[in-house]
Amino acid sequence: DPRQLRICLQLIFSHFFIVRLIDSPNVCGSRFHSYCCPGWKTLPGGNQCIVPICRNSCGDGFCSRPNMCTCSNGQLSPSCGAGVQSCNVRCMNGGSCAEDSCLCTKGYTGNHCGQPVCENGCQNGGRCIGPNRCACVYGFTGPQCERDYRTGPCFTQVNNQMCQGQLSGIVCTKTLCCATIGRAWGHPCEQCPAQPHPCRRGFIPNIRTGHPHVSLCHYCSLTHAVWT
């Protein structure tokens, strides 16, 4: 029957097309309902999703990936043509080119927008690795590497720039030492500030609860009887 033969051939062809489409790149959907992913299409009469789609005109360039043109000067841009300025510099991190210089997005600076900006800076040897993101050296933590969690000996006296009166058996942070009876801390020895900051002597910032100050009596009783 010619009619049944035609239907059979159509089924075979559609099955072959689906299998070929599934095996090609940029395909979405399932085995039984596959289609080109957004931003891609097939060549006329083809069955592979390898042709990118650009919403804007690429002018004297060509569409190299979805909504992105490669212009005649080699610059990647959403569109090409007379209204698009050529640029001889490459802008990073989302920066745009204007008259051979980069206009950087918020959080980046530099000639090519390659340098991240940390608005409050990074303390204690930390370095800025992303917008408002610091990489801290060992012993420090916090958004600006401002919290010191190094541990060391605590001294009760400083004479002629020499640390004396080390508390036997005590190893604590500089903040804890200097907020109580300590006058110097660590090895090598670091003298405590005359006025502890941000809390007065006897108190330390409570970073867990968000409360600005908490009495040290509870914490110090765990380490030395003189602090109870």
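Me: What makes the link of C136 and C145 left-handed?
Reply: The angle about the S-S bond is -90°, and that makes the link of C136 and C145 left-handed. Keep in mind that this is a predicted model.

Me: How do you know that C136 and C145 form a disulfide?
Reply: Their sulfur atoms sit 2.1 Å apart, and the cut-off is within 2.5 Å. So the pair counts as a disulfide.

Me: What makes C36 and C49 a disulfide, and which hand does the link have?
Reply: S to S is 2.1 Å for C36 and C49, against a limit of within 2.5 Å. The link is left-handed, with -80° about the S-S bond. C36 lies in strand 2 and C49 in the loop between strand 3 and strand 4, so the pair ties together parts that are 13 residues apart in sequence. C49 is at 0% relative accessibility, so this cysteine counts as buried.

Me: What about C154 and C177: how do you know that a disulfide joins them?
Reply: S to S is 2.0 Å here, and within 2.5 Å is what the call needs. With 80° about the S-S bond, this link is right-handed. The pair links distant parts of the chain, with C154 in strand 17 and C177 in helix 2, 23 residues apart. C154 is buried, at a relative accessible area of 0%, and C177 is buried at 0% too.

Me: Why is C172 too far for a bond with C154?
Reply: The closest cysteine sulfur to that of C172 is in C154, 4.7 Å away. A disulfide needs the sulfur atoms within 2.5 Å, so this pair is too far for a bond. C172 does touch C154, and its other contacts include C177 and W185. At 4% relative accessibility, C172 counts as buried.

Me: Which residues make up the largest nonpolar core?
Reply: There are nine: C154, L167, I170, C172, L176, C177, A179, W185 and I204. Helix 2 (residues 174-179) gives the largest share, three residues. A second, separate core has five residues, including C54, C58, C69 and C71.

Me: How do you know that strand 17 and strand 18 pair?
Reply: Four bridges join them, and they run antiparallel. The call needs at least two bridges, so strand 17 and strand 18 count as paired. N159 stands opposite M162, and F155 stands opposite Q166. The two strands form a hairpin with two residues between them, and N160 in the turn has a positive phi of about 55°.

Me: What makes strand 17 and strand 20 a pair?
Reply: They have two bridges in the antiparallel sense, and at least two are needed, so they count as a pair. F155 has A184 as its bridge partner in strand 20.

Technical notes:
Residues are numbered from 1 along each chain as its sequence is written. This is a predicted model: local features need pLDDT of at least 70, side-chain atom pairs count only at pLDDT 80 or more; totals for chains, interfaces and linings use all residues. Side-chain values use heavy atoms; hydrogens and water are left out. A nonpolar core is a set of buried Ala, Val, Leu, Ile, Met, Phe, Trp, Tyr and Cys residues joined through side-chain atoms within 4.5 Å. Buried means under 20% relative accessible area, exposed over 50%, partly exposed in between (1.4 Å probe, protein chains only). Contact means heavy atoms within 4.5 Å. Lists of a residue's contacts leave out its neighbours within four places in sequence.
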